[in-house]
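Welcome, and please take a moment to look over the sequence and the model before reading on. The report below is meant to be read with both in view.

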Amino acid sequence: MSQEIHTPITAEEIGHEFEGHAPTANVSDYAIEDWITLIVFWLMAGCVFLQFFTRYVLNDSYAWTEEIAINCLIGVVFLGSVMCVRTSRHIQVDVFYHYMPAGLARVLATFVDIVRIGFFAYGCHLMWRYVDIVADEQMVTIDLPRNIVFYSVLVAFALMLIRAIIVFVANIRRGYSVLERPEEFQTIEG
């Protein structure tokens, strides 16, 4: 077994590593759900800041900020999940695929894609039923219907379903998925 050899480097040399140019952001890499998630995130951050300010600076907190922040967090989680489905970034176990024959790995990865599509379809069905159950409920601190939050989760599940189908079709056309060849999905910055 060979031993790793590390070249000594000074603090000044390390500091020069940060002088490079920052990678250029490519707006076309982002989809509509990314922008909506960003807006909901900043709305949540604004509510949290407002609650902190009113509680600790003014000593008279607005009760509605916590409920809105929690509901925004729900939106951020589920809309952010749409981004993860689109970019194949959800947590996954791909180590097994390196030790199995390519044909078996392809079949198993296709099965995983189909199960994922089924899961999101079932999630859409459950959320549709749940939204109908809580249709008349109001939020506790403000006079808004509670189903606004659950409609956003329903929309997120529908978008995850659509994105999962798109990923499935792309995997079929490409002949492999992120499970089989994760290195092909790594983005190189610089």
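What follows covers helix packing, cysteines, aromatic pairs, backbone angles and a few distances.

This is a predicted model, in which local features need pLDDT of at least 70 and side-chain atom pairs count only at pLDDT 80 or more, while totals for chains, interfaces and linings use all residues. Residues are numbered from 1 along each chain as its sequence is written, and side-chain values use heavy atoms, with hydrogens and water left out.

## Helix packing

Let us begin with the helices. Helices here are DSSP runs (H or I, at least four residues), numbered from the N terminus. Two packed helices are described by the angle between their axes and the distance between the axes. Each axis is a line fitted to C-alpha atoms over the stretch in contact, and angles run from 0 to 180 degrees between N-to-C directions.

| Helix pair | Residues | Angle | Axis distance |
|---|---|---|---|
| α2 and α3 | α3: 64-87 | roughly 155° | within 8 Å |
| α4 and α5 | α4: 102-133; α5: 147-174 | about 160° | 9 Å |

With the angle in the table, α2 and α3 are roughly antiparallel to each other; that term applies to angles over 145 degrees. The crossing of α2 and α3 is left-handed, meaning that the near helix is turned anticlockwise from the far one by less than a right angle. By class, the contact of α2 with α3 has 17 nonpolar, four polar and four charged residues. In this scheme Ala, Val, Leu, Ile, Met, Phe, Trp, Tyr, Cys and Pro count as nonpolar, Asp, Glu, Lys and Arg as charged, and the others, Gly among them, as polar.

Helices α4 and α5 are likewise roughly antiparallel to each other, and α4 passes α5 in a left-handed crossing. The residues of the contact of α4 with α5 divide into 23 nonpolar, four polar and three charged.

## Cysteines

How many disulfides does the structure hold? The structure holds zero disulfides, a disulfide being a pair of cysteine sulfur atoms within 2.5 Å. As a reminder, a disulfide is a covalent bond between the sulfur atoms of two cysteines.

C47 is found in helix α2. The sulfur of C72 is 5.4 Å from the closest cysteine sulfur, in C47, which is too far for a bond. Are these cysteines buried or exposed? C47 counts as buried at 6% relative accessibility, and C72 is buried with a relative accessible area of 7%. The cut-offs are these: buried means under 20% relative accessible area, exposed over 50%, and partly exposed in between (1.4 Å probe, protein chains only).

## Aromatic pairs

A pair of aromatic rings is described by the distance of the centres and the angle of the planes. Rings of Phe, Tyr and Trp (its six-membered ring) pair if their centres lie within 6.5 Å, and planes under 30 degrees apart count as stacked. A search of the whole structure finds nine aromatic pairs.

One of them is the stacked pair of F49 and F53, at 6.2 Å centre to centre and 25° between the planes. Being four residues apart in helix α2 (residues 32-57), F49 and F53 are separated by about one helical turn. F49 is exposed, with a relative accessible area of 55%, whereas F53 counts as partly exposed at 33%.

Y62 and W64 form a stacked pair too, with 6.0 Å centre to centre and 15° between the planes. Y62 is partly exposed at 38% relative accessibility, and W64 is partly exposed with a relative accessible area of 33%.

## Backbone angles in loops

Next come two residues other than glycine with a positive phi. N59 has a phi near 60° and is found in the loop between α2 and α3. N59 is exposed, with a relative accessible area of 68%.

S88 has a phi near 55°, and its place is in the loop between α3 and α4. S88 counts as buried, at 11% relative accessibility.

## Distances along the chain

Lastly, here are two C-alpha distances to trace in the model. C47 and A135 are 88 residues apart in sequence and 25 Å apart in space, C-alpha to C-alpha. A164 and E137 are 27 residues apart along the chain, and their C-alpha atoms are separated by 32 Å. A164 lies in helix α5 and counts as buried at 1% relative accessibility.

Notes:
Parallel < 35°, antiparallel > 145°, perpendicular 65-115°, else oblique. Phe/Tyr/Trp six-rings, centres within 6.5 Å; stacked < 30°, edge-to-face > 60°.
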